[in-house]
Amino acid sequence: RADIKMDYKQLMVRNLKLSDAGIYTCKYNSHKVSTSLHIFKLTISSDGHFLQNEVPELILMQNSSSPLPDLSITLFNSNNKRVAPELPSKTRQKYIVNLKKLKTMDSGTWVCQVRSDSPLINQNISFDVKVLGFQNPDLERKYAAVDSTVILSWHLNSQQIKWKEGFTGQLNWKQQESANAHELLDFNATAQGQLHETKKSSNFLFEIPERNPESIIEVKLPKVHFNHSGQYQCQLEYQGRHAQSKIELVVMKVSANPDGPLSRGANMTLTCEVSGPLPPNAFLRWERVNGTKTDVKNSKQHEVKLEVNISAAGLWICHLIEDKDRKISLHYPVEEAPAWINYVIIGASIGGSLLVFALGCLCIISGISWQRRRQRAKRMAQARQHLLENKTCQCQQ
């Protein structure tokens, strides 16, 4: 592993090892020059390939012919910002440094700065860190209206960091935390770093959009049902390790009872409902366009259903508000019934009342007639009984 360049009196040693440390002496005639070689070896766990939220471990080892110095270690991330590491184990020969949980933005070239006052050492050792993961938030919440089209997306950074090694993953869905998970699709990285997806579920109505050049996992719900809500979790697997990102889909719907035009003087109940629990900073609100303050009603905390009784026609809107931001709004137009319908309803009401009155009178008359017939039959039976008693007496005489 060593070459001597006689022209420049140089010794070149390749692929240095810790055991190569020591004192090297060059003799030329009566001249003798010595130099001390101090060697550092920096290793990083998982060969520098991590999934997000994993904790890397750095091991710095040194060897020298002289007594080993006490080193000062400073780390700089890919953005050249100083990182405060943990130092769980330390000897003069071996330093073990643990970093905090990695994020996808931590990918890049890091620098380990090694310093010592005696002997004077100021050495920068660079190493590469690749963090494969999702650029989505750890927990993302998405709102949708019933019968609308929704595309759920998970953005991987595999193209950005040029991650060529194979990894696999899958997308699961479950309505509640305690419910059984349903696998919607699985995917894997090809040798060129592209994603290949395979649809798994045949009972769930969803589509896989056309593949784009970026590392994006997508599912398209062309017509969202109320029971399509729940947790959609995309999971990565690499060498037995896992990373995941979750999207919570909340579906909203509105309805009315009775369903139809609002007659003058009548009432209608509008209902706004979401499919899952809301965060503490979110609530539902009913309001009427160009209405008054009395036409506004807010839900209470943790309520997933809001009803409002109305007597005025117009355009009513239900908002889902989170942190003073309207996430989704659904319109429900309430039409006023035409005048002739009101007259028909009034006439039907009057006719119905008269019919009820007539039926009541008929029932009363029938009841009186039945009572009279019953009394007449009773008197006739009594008369026959009396007549029989009289005849019996005459026969005895």
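Guide: Let's start with charges: Lys and Arg count as positive and Asp and Glu as negative, while His and the chain ends are left out. Each charge is placed at NZ of Lys, CZ of Arg, CG of Asp or CD of Glu. On that count, the chain has 49 positive and 37 negative side chains, and the centres of the two sets are 7 Å apart.

Visitor: What kind of model is this, and which atoms do side-chain values use?

Guide: It's a predicted model, where local features need pLDDT of at least 70 and side-chain atom pairs count only at pLDDT 80 or more, though totals for chains, interfaces and linings use all residues. Residues are numbered from 1 along each chain as its sequence is written, and side-chain values use heavy atoms, without hydrogens or water.

Visitor: Where do the domains of the chain run?

Guide: Domain 1 covers 20-131, domain 2 covers 140-251 and domain 3 covers 258-334, with bounds from an automatic or database domain assignment. The C-alpha centres of domain 1 and domain 3 are 62 Å apart.

Visitor: Is Ser245 buried or exposed, and why?

Guide: Buried means under 20% relative accessible area, exposed over 50%, and partly exposed in between (1.4 Å probe, protein chains only). Ser245 has 2% relative accessibility, so it counts as buried. The residue sits in strand 21, residues 241-257. Its contacts (heavy atoms within 4.5 Å), leaving aside neighbours within four places in sequence, include Trp154, Tyr232 and Cys234.

Visitor: What about Ile121, buried or exposed?

Guide: Ile121 comes out at 11% relative accessibility, so it's buried too. Ile121 is in strand 13, residues 121-132. Not counting residues up to four places away in sequence, Ile121 touches His38, Phe40 and Leu71, among others. Across the chain, 35% of the 397 residues count as buried.

Visitor: What makes Asn53 stand out in its phi, and which accessibility class does Asn53 fall in?

Guide: Phi of Asn53 is near 75 degrees, a positive value in a residue other than glycine. Asn53 lies in the loop between strand 6 (49-51) and strand 7 (57-63). Its relative accessible area is 39%, so the label is partly exposed.

Visitor: And Asp323, buried or exposed?

Guide: Asp323 has a relative accessible area of 52%, so it's exposed. Asp323 isn't a glycine, yet its phi is positive, about 55 degrees. Look for it in the loop between strand 26 (314-322) and strand 27 (325-334).

Visitor: Which residues does a cis peptide bond join?

Guide: One joins Ser118 and Pro119, with omega about -5 degrees, and Pro119 lies in the loop between strand 12 (108-116) and strand 13. Another runs from Asn257 to Pro258, with omega near 0 degrees, and Pro258 lies in the loop between strand 21 and strand 22 (268-274).

Notes
Helix = DSSP H or I, 4+ residues; strand = E, 2+ residues; numbered from the N terminus.
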